[in-house]
Amino acid sequence: MAELHVLGQLQGVSNFQDSSSLFCRYSFQAGPNWTVISGCPEGQTVSGKLDYAKSVIWSHPLDIHYITKGIQGWPKLVLQVSCLDSIGRAWVVGYSCCSLPVVPGHHVLDIPCWLPIATTLTDRIREYFLGGSHQLLQTDIINLGTDRYKLKTQSKGTITLKIDLVLRNFTQFGVEYK
Amino acid sequence: MHDFKRTNKISGVRWLKEPIHNLKISIKIKPHDGVLSLPKFENYANFSDTGNAESFDQTEEYTFKWQEKVFSLWEMQRYSDVHHCITDTELTYHNMLNDLEYVPSKVFTYVHDDNYKPLPLNHVRKRGNKILDLSSCFEKLNLNEKIERTLLKQTSSMGHLFRSEENLDVGNEQWMAMHVVFDSSDYNEDSQLVFKQEAVLVSLYYNTTNNYLLVCPDENQLELNPYCAETGTGAPLGRHYSVGLRFQEQEEGEELNVLLNKLHKKWEKKHKQLVNFCMPPLGKKVYHLTLEILTAAEFEADELYVEYTIKIPEEIQCKDPLHGRTHTSRVLRSDEGEEWCFGHIVELALEMDAVADPPSLQLFFEAISTDWWGRHRTEGYSYFALPLQPGSDNKRLSCSRPEELDRVEASSRRFFVGGCNLIKDLDVLAQPQLQDANFIFTTTGSITLRWHSISQSPLPGYSRPYFRPETSGRSASALLLGAEAVLRQYRRAKAKLAAATRDFRDHDGSGDAPSLTDS
């Protein structure tokens, strides 16, 4: 059985225009061939205020160990950035997803974020004065490309992910990754 | 001094790490070292020195297994005669004595079925007679109803506060007892019992529910802290003894090894099924490509989406959709410029012959803008030949769009009417030299891509393992299980029949039947 060890950190987010603190929920998604044997595939970073460069540093550690019996369904990281305002309300301000690299070693990935925008004027006014946002009911749409064309979104910032990958036993099964 | 000896018997509690059936109880017993017990000179005058020393050591050692029945002399006499045997246990002992030759022992045992002494919980109950007084108090105070109500509520934690030993629904079954007893009875010359006297050397109570053992008295050493054998009334019998408990080595070690081996084989079989790596068919090579359309930049419009078309060569088979579009994204303006975020993932599983060199995939992108009025305009085209080499990479693709020769007319039509899909045949992007190039291209923006490609080819000598259909295996095992169940039932029925007809056979053979005819 081949193994994939993902080590790294969710470095932070940049170019976000929100004024509130930002935090990120993440979730590793993989196909049925993949099994997590250690590490938590889901988590949440701390909440951080934006600095003068409109960026937040989380440096949230990631450590997950997969075993797999097939290369189908290579793991992806689904991210959801939320803001926390001064009176404790939180809502989603960005969705994003990235596929993990297949090459072992160090990688720095920039992951763009987007958010469904309010389609009606009333919603826009409500969002402007009261806060809140439109959220996806089906979060599968984040990591699946199909049916995404119906969405109208606002481009948000970029999440930076720094990861190191360790692959083991893949070559034994005729897998080439490099 | 006498009192001190009496108090040196202390009970012990053992949490068992091994099965109770492996327990061995050893009792060492010797006469009390007194003046009277010393050997007389006349008896040993003719013996050598070493012989004297050996014969002087009168320590006897007895070892018993857990629930091993050892008979005393009077027990053997009693159970040998079937007329004295009434209960099932006594009849069992009678049969045991008939079947095997037992030697009477001075130190013998009472097992659980003998019910020799009350079990530990019974002690408590007997002591706790004051509970009755408490009950009467409750009756007087009219508290019974309230307490019952409280006790019936199993979910209430308060209910446990009122639980007493009277309420404990604990049967005697949770304890198993065994007693090792010293027989100091007097027998006449014909070995007939004259005066029955016995002293309990050690009592063991095993709690089956919580798996612990009460030992009364606890282990000791004969040389350092011997116990004095006493009758139930406390009269010393002039013997010192020690108690030792140990767990015998597992005799069934080999069996365990066999079982472990079988288990390991079973596990390996299951493991193989589980961990069998998905391999491509023989002679085929499989590619898994993950393509991410990350961002777009430097376009003029506010809202943009990207339409993509993937053309794969004929020698590659792919079942995934090869055409699609991203969501519409509104521009993000920052100090670093304008950016449209997509993060759109396209996954492709490609299959081709293992021997052939992998050709490149043709990727065509069309960036299309939308405006508030719903008009779509092509902002730019891009083409990229993606090499099917394993690895991860990213690329920034420049986009351009064809512009008509009459710029004024084209610009005004584009502004007022819009329009997309300016190029009907996208091959013109891949092979521009073969087409009529009677128009110019205007560079508009860029699209950033990232892709990860991984390939898998069948290993030499690897063949897809053949899985036996599970249904047949299940039915076979079910059949075996059924046969075993039937055999078990048969054995039980046979044992029951034997038990039922045992008395009948005994009557026939023992001569009781003629006595009936006599009467």
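This is a predicted model: local features need pLDDT of at least 70, side-chain atom pairs count only at pLDDT 80 or more; totals for chains, interfaces and linings use all residues.
## Where the two chains meet

Let's start with the contact itself. Chain A puts 46 residues into it, and chain B puts in 43 residues. Between them, the two chains bury about 3700 Å², and 56% of that lies on carbon and sulfur atoms.

On the chain A side, four strands each supply at least two of the touching residues: β7 (90–99), β8 (105–116), β9 (152–168) and β10 (175–176). The largest share comes from β9(A), with seven residues. Sorted by type, the chain A residues that touch chain B split into 21 nonpolar, 17 polar and eight charged.

## A strand pairing across the chains

Now take a look at β10(A). It pairs with strand β22 of chain B (residues 440–456) in the antiparallel sense, over two bridges. Within this region, A:E176 stands opposite B:S455 in β22(B).

A:E176 has another partner in chain B as well: its side chain meets that of B:K285 in a salt bridge, at 3.5 Å from N to O.

## Salt bridges between the chains

The interface of chain A and chain B holds three salt bridges by the rule used here. Over all chains, the count comes to 21.

## Salt bridges within each chain

In chain A, A:D85 and A:R89 form a salt bridge whose closest N and O atoms are 2.7 Å apart. A:D85 is buried, because its relative accessible area of 12% is under the 20% cut-off. A:R89, in contrast, is partly exposed, with a relative accessible area of 37%.

Over in chain B, the side chains of B:R78 and B:E90 meet in a salt bridge at 3.1 Å, N to O. B:R78 sits in helix α3 (residues 73–80) and B:E90 in helix α4 (residues 88–99) of chain B, so this pair ties together parts that are 12 residues apart in sequence. B:R78 counts as partly exposed at 32% relative accessibility, while B:E90 counts as buried at 12%.

Another chain B pair to look up is B:R375 and B:D371, whose side chains meet in a salt bridge at 2.9 Å, N to O. Here both B:R375 and B:D371 are buried.

Note on methods. Residues are numbered from 1 along each chain as its sequence is written. Chains are lettered from A and ligands numbered from 1 in the order in which they are written. Side-chain values use heavy atoms; hydrogens and water are left out. Contact means heavy atoms within 4.5 Å. Buried area is the accessible area (1.4 Å probe) that two parts lose on being put together, summed over both. A salt bridge is a side-chain nitrogen of Lys or Arg within 4 Å of a carboxyl oxygen of Asp or Glu. Ala, Val, Leu, Ile, Met, Phe, Trp, Tyr, Cys and Pro count as nonpolar, Asp, Glu, Lys and Arg as charged, and the others, Gly among them, as polar. Two strands pair if DSSP finds at least two bridges between them. Buried means under 20% relative accessible area, exposed over 50%, partly exposed in between (1.4 Å probe, protein chains only).
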